[in-house]
Structure formats: structure tokens, C-alpha cells
Amino acid sequence: MTTPPALLIAGHGTRDDAGAEAFRDFVRQLGARHPELPVAGGFIELSPPPLGEAVTELVEQGVRRFAAVPLMLVSAGHAKGDIPAALAREKERHPGISYTYGRPLGPHPALLNVLERRLDEALGSAGRTPGDRSDVTVLLVGRGSTDPDANAEVHKAARLLWEGRGYAGVETAFVSLAAPDVPSGLDRCVRLGARRIVVLPYFLFTGILPDRVRYQTEGWAAAHPEVEVLSADVIGPEPELLDLVWERYEEAVKGDLRMNCDSCVYRIALPGFEDKVGMPQQPHFHPDDDDHHHGHHHGTHSHAH
């Protein structure tokens, strides 16, 4: 029987001790869930243990093959460059090891469900019933990146969170490196007619940046008493997150790195689109395209496979 590859979790890192410990505890939970294989985790920067130390820990246990999963919501510079570079360096340091590299976590329906739960909790704390959403505008706040693709992923998560859930709208802001910042995002919500806003941090664990989101939200709210503003919590080490990391591990091990099927309405029952799951795909074209002959002929590639 072939020994399954070990699991290496790659984290971003934070100067916040509680946030770093939340990551380390999450790795321990994964290890307890999967005693059949070695599990280790390390950070790219700012926090111990570094990723290289986690690789050494696995190698000292006799591991020669592992799958690395980036514990990150979007594919920014760390997931695209820093982690692959660090893993390549570890391969030079430990001749004979091999690894596969998984993809980032979001936007995944399971995490969107956790975000929806965080919004319900925030509304519940203000005496609102969970189904009472028609006048609620959500401001989803991402980390922010110099990579436009990473910022676009946060917008995608915001759109998917909006679809089918009954909110008045879901807007996007960033806490660093990208516009709009949190106060500007709140200003935008008001210009769009919002009178009740929930600020939702798009972060896995507590840390300096999620704290900054809350402080900036509270500061803006104090200056705008006419607007009801609530703060929701981060995603946290929920069972859905543990399940998703394992899903990413299995994808990496099997080589099944699907690009865009997590939120495909023909595969996944998304709110309001449940009837599309498994529907056969028909050839079609886009009449507004310049070249009508360059249609997207999905008849030969069914999403429901």
C-alpha cells in the first residue's frame, strides 16, 4: 500500500500573537482529524514557525512526498510566487523530496456559507432576524494587494455572496494596498442609498489587519450616527474550513486542480440557482461578440460532468 503524501499548510504570517496561534491550532486540528498522515504548517513571514522549519519537521519524520496547501483566500503574490519559491528552495535543501502544490481557498461555497453565518450573527446581535436582509448592505473587506487579479477575487467573492441571499447589495473595500479603503467603501455604500451596513472582514483568522478594519469601521460609524453600522467577525477555524483544506489537499494529490468549478452553478447548489445543478449544457454564442463565429460551444464540455 502506497503511503499518502503528507500535508503541508502554508500560512501568510501575522505580527498578532493570537492570529498566529489560531493558525498553529488550526494545523493541530487538521492533524488530529487525519492521524493517518503527517501534517505540518509554517508561515511565509512575520510569525514562527517558518515554512522551511515545517518542511524539515516532515522530512525528519521520514516524509519524502507532500502536498502543500496555501491557507489563503486569494491567489496574490504569496500564493503565486513566495510559496513556490520557498518550496523550490526546500527541495534543494532536502534532496529526494517531491511535492505538489494546491490552490488557494476562496471563493468557495462553503466559505461563503460561513460568511453568511457571520453576517447573521452580527445582525442577530443587533436584534435583527436572519431573514431580514432586504435593507442590509454588506461591505466585504479584503486584505488588499498590488496584484489586480487578487483584488478581483475579492470582488468575485462579494458578487457570489450577494447572489441569491437577499441583501440590498454587497460592496467591496480593502484594508491595505488597494482602493477603496474602508472609510471610502462605507462612503460608497451610503451614496448608493445604504442606511444599514454590515462590515464583513474577508479574513480567515484574527490579526492586525482585521483589527484595523474594525477600528476604522468604528471610527467612521462614530462620525455618521445617522447610519447603522455593524461589524462581523472573521471566518475562523470552522469545520467548513477544515473540510476545504482537505479538499484542496486531495485535489493536489490527485492532480485534479480544476480552475473555476467551485462556484459553477451547474456543479454546486448556489442560493437561488439550485435548479441549475446537473443541467446539460447547450451550444450557444454571444450576439454582442465582435466575432459571432467564436462562440463558447459548451456542448462538447458539460460543466455537469
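Visitor: At roughly what angle do the axes of helix H2 and helix H3 cross?

Guide: In this predicted model, helix H2 spans residues 51-60 and helix H3 spans residues 77-93. Their axes come within 10 Å of each other. The crossing angle is roughly 45 degrees.

Visitor: Is the crossing of H2 and H3 left-handed or right-handed?

Guide: The contact involves Leu51, Gly52, Val55 and Thr56 on the H2 side. On the H3 side it involves Ile83, Ala86, Leu87, Glu90 and Arg93. The crossing of H2 and H3 is right-handed.

Visitor: How many residues of the contact of H2 with H3 are nonpolar?

Guide: H2 brings Leu51 and Val55 to the contact, among others, and H3 brings residues including Ile83, Ala86 and Leu87. Two residues of the contact are polar and two are charged. The nonpolar residues number five.

Visitor: Is Leu209 buried or exposed?

Guide: Leu209 belongs to helix H7, residues 208-223. Its relative accessibility is 15%. Because buried means under 20%, Leu209 counts as buried.

Visitor: Which residues does Leu209 touch, not counting those up to four places away in sequence?

Guide: Leu209 lies 67 residues from Gly142 in sequence, with 9.4 Å between their C-alpha atoms. Beyond four places in sequence, the residues that Leu209 touches are Arg143, Val175, Ser176 and Phe203.

Visitor: Where is Val277 placed, and is Val277 buried or partly exposed?

Guide: Val277 is in the segment after helix H8 (239-254). The relative accessible area of Val277 is 35%. Since that value lies between the 20% and 50% limits, Val277 is partly exposed.

Visitor: What distance separates the C-alpha atoms of Val277 and Arg267?

Guide: Val277 and Arg267 are 10 residues apart along the chain. The separation of their C-alpha atoms is 5.3 Å.

Visitor: What share of the contacts with a separation of 6 or more comes from residues 24 or more positions apart?

Guide: The protein chain has eight helices and eight strands, and 49% of its 305 residues count as buried. Among contacts with a separation of 6 or more, the share from residues 24 or more positions apart is 73%.

Methods. Residues numbered from 1 in each chain as written. Predicted model: local features only at pLDDT ≥ 70, side-chain atom pairs only at ≥ 80, totals over all residues. Heavy atoms only, no water. Axes fitted to C-alpha atoms, helices over the stretch in contact; angles between N-to-C directions. Helix = DSSP H or I, 4+ residues; strand = E, 2+ residues; numbered from the N terminus. Left-handed = near helix turned anticlockwise from the far one by under 90°. Contact = heavy atoms within 4.5 Å. Nonpolar A, V, L, I, M, F, W, Y, C, P; charged D, E, K, R; others polar. Buried < 20%, exposed > 50% of the residue type's maximum accessible area, 1.4 Å probe, protein only.
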